[in-house]
Structures are given as C-alpha cells and as structure tokens.
Amino acid sequence: FRLSHKETGQVCAGKFFRARSSKERAAARKEIELMNCLHHPKLQCLAAYDVRPETVMVLEYIAGGELFERLVDDNFEHTELTSARYMRQILEGMDYVHKQNIVHLDLKPENIVCVDTTGMQIKIIDFGLASKLEDNKPLMVMHGTPEFVAPEVISYEPVGLETDMWSIGVICFILLSGECPFQGNSDAETLVLVTAASYEYDEESFEDISEQAKDFIQSLLKKDRRCRLSCTEALLHPWMISFTPLTRRSTKSLNKDRMRRFLAKRKWKKTGKAVLALQRMANLSNRPDSPGSSSEVKPRFCVIQLHPEPSWSQEAEEAIQSLDKQLRSEPRFRQALRDAVHPTGSTAQLTCIVNGYPQPKVQWLQDGNPVTESNRVTTEQEEDGLCALVLADLSPSDSGVYTCKATNKLGEATCSAKLKVE
C-alpha cells in the first residue's frame, strides 16, 4: 500500500504481512530482521510496526516500475552498454548483501525496479525468501521461481551466496537477448533444463552481443556453484570493466520484440494462475460444507467481484478454459522421500515435494497401512507441494517403510523410504 508520514508527508510503501499465527509472525520478523542488517542505496527499508493481526514493513516508495518494463518502452534506448550498467548496479547491491552473509534466493526481473521513470538507478526488492547463512549449518531450500532457480535448489542440496549468482546470470542472459536460457514448455521441463545446466546462445538473439558478454554469462551459469564468480569477481570481469560508468562509446540498439514476448508470457502465466486461484476460492466458498459459505463471510469476496455477476467475454472464457487445461497435470514427485536412521526418543521428519494440478490429496502409509495423526504424529502439506510427516518421541515400532501417496483427478503417484529407529 502507498503510505504517507503524518508529520512530514513523506510518501512510502507499506508491505503488510498477515500475522495471525506464530508461523506467519516469525516469517515477517525474519524478513524485517534481515532488512535491518542491510543499509545500502540499492536496497530499501525504513521502519516496521507490529499491529496485530498484521505486521507492516515501511519501505522506500519506488515509482519507476520494473526494470524490464522500462527496457521495452519505445522512448528508452536498450543497448549492451545500458545492460552492463544495470548489471553493475545489481552486482554492487548484491555484493553488499553477500558481505553480510545473506543470500536473496529470489532474484528475478520483477524484483529489480527503477527508482523513477526517467533515470537509470535501480533497487533490489523483496527479501521474503532471503536467509542468513551460518557457519557449519548447511541451508537447503525448497522455493524459488523455476526459470531463475539454481540447480542445487532443485536437487535439495546446500545453497550459498553462489546460488544468487546463477540467478544473476539468468537475468543477464534475458537482459541481452530477451529470451530465457532455461524456458521449457512446462515448469517440469524448465527444471530439467536447469538441472542439466543446458542452454545455448541463439544465433539471431545474440548476433549483436559481444563475446565478453557471453563469457560473463558462462562464468555464472555453471552447474557446480563453487565454479561461479562471486559478486566481487564479476565486477572485475573484462565485460564489466569495458563498460565503466565513464564509457561513452555507442553500441547497437537491441531488439525489443523478444523482450516484449518474454514479459507477455510471464504476465499471462501469473494472471492466469491468479484467475484460477480466485475461481477455486469462489468454488470453495460456495460449497455448503465450507467454513466460508456462510452469509457472514461471503462479503470478503466483494473486493474482487466488480459486478454482481462477473461477465467474461467469450474469448476470455475460452482463454481461461484453455489455460486451465494446460495447467492440469497428474501428480509427480519432484523430490522423493529419503531413507533415514534415527535414535529412540528423537524426532524424524520425512519430506517430499509433489506437484500436480488440481493440487493432489496426500495420504501417508506405514508398511501399507494408513498413518493416524496424534499428538505425536503430524502431517503437513503446503501449497508449493512440500509434504511432511513428523514423528516425535520415536520408538522401535515406528520403524518401517513409509509411503506418501498423492492423488488427483488425473492420476496417482507414490514414493517410499525406509525409517529405522535404533
């Protein structure tokens, strides 16, 4: 929300966190604590307030919009030179972040924004997924955007500062070519390409791009994170040095059509999924047995219902139905369960990631028999596909083969692992 200071009139932006549960409050405070460690011109945070049931972080108001939206404007000249200058700012900002031992974990075009509508200054935003790295404590994460996430995230291996460098390499690739190096026909196909670190320079897209720029990208898009350049090293790369802030030599204007198509695809994907999510909420609220079906609760949906009976054009209706069909997929495990050994009295957490649309229903089995929840045995299922079975105060009787069974209208999938309690 756009805010203004009551005394000074300063215009700010307010990021409101829903903080009803302890888990939601902890997530909000984590981001605020991280931002308190970061005070840099390329980053932005002014204050925070806890006003239950919400927590509010006050941020610098940034009026320029997303960087990539600026690039496709007809009045803006987009060249390899301007691209290098933007990349330098991103690297300078992230170099500061990394020196605080903080990893962003969600660098993508939407999170690189312009300070105003005319200048070339940018800011890095949205540290909602960021984490502070700790010595001798590996960090594994299960979140990110498929086109920009690094191979180690998909493989559920420890992440590091180098994980952000992969995302920066992807951003640079798109900045120069208007195309994504790992764009598949589906999220699953995209993740396969990322895992293999498989990409190539399209001859037409890169015909006006220097070899130094390609080498810069290659130095970041390496499967082994230990081989990627750090921010400090990247700033010293020949491509960066050749385009210093004092550089005046002209470079050829780059084609904007591919960038426009890239942005259109991302908008369509996000808008389509948002529409479907709203449709699912509306369907849920109209179910007789739904907690949200009472007349007292229904008005909350009036915010999105602009007319008593929303009327889509036939083209829009067909497009939504087409998108719905494209998104439908049978359950598939992106990360399977792993065998584990735990001592008696400890706690075990079995986790896996299952994708599918409609969202699969999950059932847990021990040696083929349904697992019953209790004060000692709990299950979790997140919207991003993460499924977990937590068993506390383990005893030898908890040993066995555990199976996660995921089912939706299109099919069924299972994965299993052996738990041994000693």
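1. Tyr201 counts as partly exposed, with a relative accessibility of 22%, and a residue is called buried when that value is under 20%. In this predicted model, Tyr201 lies in the loop that runs between helix H6 (187–195) and helix H7 (211–218). Leaving aside residues up to four places away in sequence, Tyr201 touches Phe173, Phe206, Lys214, Ile217 and Gln218.

2. Helix H5 covers residues 161–177, and its 17 residues reach 25 Å from the first C-alpha to the last, which is close to the 24 Å expected at 1.5 Å a residue. Of those 17 residues, 15 are buried, so H5 is largely enclosed by the rest of the structure. Just after H5, Gly178 takes a positive phi of about 80 degrees.

3. Thr190 is found in helix H6, and because its relative accessibility is 0%, Thr190 counts as buried. Not counting residues up to four places away in sequence, the residues that Thr190 touches are Pro146, Glu147, Phe182, Gln183 and Gly184.

4. The cysteines deserve a separate remark. A search of the whole structure finds zero disulfides, a disulfide being a covalent bond between the sulfur atoms of two cysteines. Cys415 is in no disulfide, and the nearest cysteine sulfur, which belongs to Cys352, is 4.3 Å away. The cut-off explains this, because a disulfide requires a pair of cysteine sulfur atoms within 2.5 Å. Cys415 counts as buried at 8% relative accessibility, and Cys12 is also buried, with a relative accessible area of 7%.

5. Turning to the strands, E12 (residues 361–366) and E16 (residues 400–408) run antiparallel and are joined by six bridges. Within this pairing, Gln363 has Lys405 in E16 as its bridge partner. E12 is also joined to strand E13 (residues 369–370), again in an antiparallel arrangement, by two bridges, and here the bridge partner of Gln366 is Asn369 in E13. The hairpin of E12 and E13 has two residues between the strands, and in that hairpin Asp367 takes a positive phi near 50 degrees.

6. An open sheet is formed by four strands in the order E9-E11-E15-E14, with antiparallel pairing. Its edge strands are E9 (329–335) and E14 (377–381), each of which pairs on one side only. From one strand to the next, the twist averages 25 degrees. E9 is joined to strand E11 (residues 348–357) by four bridges, and these two strands run antiparallel; the bridge partner of Phe333 in E11 is Val354.

How values were computed
Residues numbered from 1 in each chain as written. Predicted model: local features only at pLDDT ≥ 70, side-chain atom pairs only at ≥ 80, totals over all residues. Heavy atoms only, no water. Buried < 20%, exposed > 50% of the residue type's maximum accessible area, 1.4 Å probe, protein only. Contact = heavy atoms within 4.5 Å. Expected span 1.5 Å × (residues − 1). Pairing = 2+ DSSP bridges. Axes fitted to C-alpha atoms, helices over the stretch in contact; angles between N-to-C directions.
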